[in-house]
Amino acid sequence: MAVAVQTRRAAARAGGPRYPAWLALPSLAWYLLFFVCPLAIMALFSVSERVGFSSVEYNLNLRNYEDLVDPLYGEVFLRTLRLALVGTLATLAIGFPLAYYIARHGRHKTLLLLLIVVPFWTSFLIRTYAWLIILDDDFPLFDALGAVGLAGEEVGLLFTTEAVYIGVVYTYLPLMVLPVYAALERMDWSLVEAAQDLGDSPLRAFRRITLPLALPGVVAGSLLVFIPLMGEYLNPVILGGDKTVYAGNLIGQQFLTSRDWPFGSAIAMVVIASLTVAVLLYSRLARREAQFGG
Amino acid sequence: MARRVLGGYALLVYGFLYLPIVVVVVYAFNAGRQVLNWEGVSTRWFGEALSDPTITEPLRNSILIGLGNAVVACVLGTALALALSRMRPLFRVPFDALAYMTLVTPEIVFGISALIFFVQIGVPLGVKTILISHVVFNTSVVMLIVRARFVGMGQTIEEASFDLGAGPWATFRQATLPRLAPAILAGGLLAFTFSFDDFITSFFVAGAGTTTLPLRIFSSLRFGVSPVVNATAVLILALTLVAIVTAYMVLRRTERGRPELG
């Protein structure tokens, strides 16, 4: 009897009664119809041609992609790549010490973490446009900086590339801090102490123990920042004054002003393709680093 | 020593994170018509925002879309979480990939593809198309939160219920829902805020006649920041802050009442 109950329990744990798989069907239908299907139509659009003002002929040619091979667009893509790379590195440089502090020394970790999450979950648009006020020459901060000689009469940051970068770092910082913190939080700090007791300098202990253990978090954070940055739209429009065009803005223009949807779809396809390549390369590099580096 | 320096640094970064939010809130109470020209404290701009139909109408739309989206995303996301929790990896992994993709695809790509789709199949753009698009990524949000809780709390009660002959619906109502309710509520609150705050997706699938609150703010930014815009922004911030902190507290509390996971 007891044996029977035990085997029964084991069976239940392995593959006992459970909720039926058809419960996944409604969401599957929603995903397929409103996510996969639109992306597929967009892919089809990218090899189609605009006819007249707004109709489209599905004639399966690569003309949109050929049009993209142009130094003008090449420059836009390079600029976007630079924004995404610099943005990722900057959020890492600013975010890592913060995550380290919270994980190792933070007193009220829950509160400190909530304080990181709250800005991230509040309106993206509002947090972005707030910088319009802060970067304005008349903002009191610049008067204060000017009084101590750190800023000139005309700072002129608004609607510049620098403004876009400030906005970008600000927007994506929480996305870097959270995964790095999650990785550091699981760490056993006595390892670091042991290494130092055995004669490692703090820097060496950091490089040999903390960094390799934090790597999964750094990888996750970098992807979370890099991916949306490749399609960044709002920061350049609001803080850059729509003067400097990035890939996301180029896509937006095709749909809002030029009304060349097939061409816009082709740009979006290129963004997705380069993202896929970047993610694959990066995760491979990171895996190798985790195996052999450190 | 190093700890002190790091602490000071952390304080600085927190200042950086909150500066924009504080600035918007403070200047929303500026009595003057010029944003940066301080003329004393006043709440007049809140009154003006709330009596302006070009703000209250989008506010109504945003709340309706946010609530409808939260309800649909909760139903879909919870059902998906239950189905996936013990599905074989062969079937589960593609589902997971799909769910994560809805969250990481750059929003502009999702926005334009949804726009093309709705126009091609002839669905008129408006409140309905915004709601449908928001449900896509919010279903994934709810699923991730609910599944984490469902997997964490162990399923012996569910197994007993099934063993004793109860169907999925009876089991859900009697065994699962009471314990899962906080996670579903938290997921729903987050789904609401993500929808309420969404700009890019809504921007592309709203069509000409429909405006949500973020779209309204964006269009008035063309004429620069104004005190009314700041007041509207503070209203949005207040609403989402309440939702976020509630969601966070609900999740924290259920986690603390779960000693087996520490």
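This is a predicted model: local features need pLDDT of at least 70, side-chain atom pairs count only at pLDDT 80 or more; totals for chains, interfaces and linings use all residues.
Biologist: What does helix H8 of chain B span between its end C-alpha atoms?

Modeller: Start from the straight case: a helix of 30 residues would span 44 Å at 1.5 Å a residue. Helix H8 of chain B, residues 168–197, spans only 35 Å.

Biologist: Where is B:Ile200 placed, and is B:Ile200 buried or exposed?

Modeller: B:Ile200 lies in helix H9 of chain B, residues 200–205. To judge burial, count C-beta neighbours; 20 or more within 10 Å make a residue buried. B:Ile200 has 23 inside 10 Å, so it counts as buried.

Biologist: Which residues does B:Ile200 touch, leaving out those up to four places away in sequence?

Modeller: In chain B they are B:Glu107, B:Ile108 and B:Gly111, and in chain A they are A:Tyr233 and A:Leu234. B:Ile112 is 88 residues from B:Ile200 along the chain, yet their C-alpha atoms are separated by 9.4 Å.

Biologist: How many residues does each chain bring to the contact?

Modeller: The size of an interface is often given as the accessible area lost when the parts come together. Here we count residues instead: 65 from chain A and 68 from chain B. On the chain A side, the helices that each supply at least two residues include H4 (71–105), H10 (202–230) and H13 (261–292). Helix H2 of chain A gives the most, with 12 residues.

Biologist: What is that side of chain A made of, by class?

Modeller: The side of chain A that touches chain B has 50 nonpolar, 11 polar and four charged residues.

How values were computed: Residues are numbered from 1 along each chain as its sequence is written. Chains are lettered from A and ligands numbered from 1 in the order in which they are written. Two residues are in contact if their C-beta atoms, placed from the backbone, lie within 7 Å. Helices (H or I, at least four residues) and strands (E, at least two) are DSSP runs, numbered from the N terminus. Ala, Val, Leu, Ile, Met, Phe, Trp, Tyr, Cys and Pro count as nonpolar, Asp, Glu, Lys and Arg as charged, and the others, Gly among them, as polar. The expected span of a helix is 1.5 Å times one less than its number of residues. A residue is buried if 20 or more other C-beta atoms lie within 10 Å of its own, exposed if 12 or fewer, and partly exposed in between; C-beta atoms are placed from the backbone.
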